[in-house]
Amino acid sequence: MPVSLAPANTPVKIVKITAEDKIRKHLLELGITEGSQITLVSSTANGVIVIVKEGRLCLDGALARKILVA
C-alpha cells in the first residue's frame, strides 16, 4: 500500500520505491530506502508528513503514492 494510506503513528517498513532513479537517489540521501522504517504523522490529498529516523519530512502526494509500505 502507498505510504499515504498507512495507519497514522505506526512504524511501517518501506517495501518498494517506484519513482525514477533521480528521485530514488534523492530519497536515499534523505534516509528513505527500501527496508527502512518510517512513521506516517498525517496525510492529506496534497501530501504527507512522515518521520524518518529522527526527523520529519513533508512529501507531496504524487511522491507519497510511489513509496510502498507494509
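What share of contacts in the protein between residues at least 6 apart in sequence join residues at least 24 apart? The share is 55%, where contact means heavy atoms within 4.5 Å. Before the close-ups, a word on the model: it is predicted, so local features need pLDDT of at least 70 and side-chain atom pairs count only at pLDDT 80 or more, while totals for chains, interfaces and linings use all residues. Residues are numbered from 1 along each chain as its sequence is written, and side-chain values use heavy atoms, with hydrogens and water left out.

Figure 1. Along the sequence they follow the pattern β-α-β-β-β-α-β. The radius of gyration is 10 Å, close to the 11 Å that the globule rule gives for 70 residues, so the protein is as compact as a globular protein of that length. That radius is taken over C-alpha atoms, and the rule is 2.2 Å times the number of residues to the power 0.38. A box of roughly 30 × 25 × 20 Å along the principal axes is filled by the C-alpha atoms. Of the 70 residues, 34% count as buried; buried means under 20% relative accessible area, exposed over 50%, and partly exposed in between (1.4 Å probe, protein chains only). The accessible surface comes to about 4,400 Å², and 54% of it belongs to carbon and sulfur atoms. Such areas come from the Shrake-Rupley method with a 1.4 Å probe, and for residues only the protein chains shown count as cover.

**Figure 2. Five strands form an open, antiparallel sheet.** Their order is β4-β3-β2-β1-β5. At the edges are β4 (55–60) and β5 (67–69), each of which pairs on one side only. From one strand to the next the twist averages 50°, with axes as lines fitted to C-alpha atoms (for helices over the stretch in contact) and angles running from 0 to 180 degrees between N-to-C directions. Two strands pair if DSSP finds at least two bridges between them. Strand β1 (residues 11–17) is joined to β2 by three bridges, and K13 stands opposite Q37 in β2.

Figure 3. In the loop between β3 (47–52) and β4 sits K53, a residue other than glycine whose phi is positive, near 55°. K53 is exposed, with a relative accessible area of 67%.

**Figure 4. G35 lies in the loop between α1 (21–30) and β2 (37–43).** G35 is partly exposed, at 42% relative accessible area. Leaving aside its neighbours within four places in sequence, G35 is in contact with K13 and I14. G35 and K16 are 19 residues apart in sequence, yet 8.2 Å apart in space, C-alpha to C-alpha.

**Figure 5. Helix α1 lies largely in the open, because one of its ten residues is buried.** After α1 comes G31, with a positive phi near 95°.

**Figure 6. N9 is found in the segment before β1.** N9 is not a glycine, although its phi is positive, about 60°. Its relative accessibility of 58% makes N9 count as exposed.

Note on methods. Helix = DSSP H or I, 4+ residues; strand = E, 2+ residues; numbered from the N terminus.
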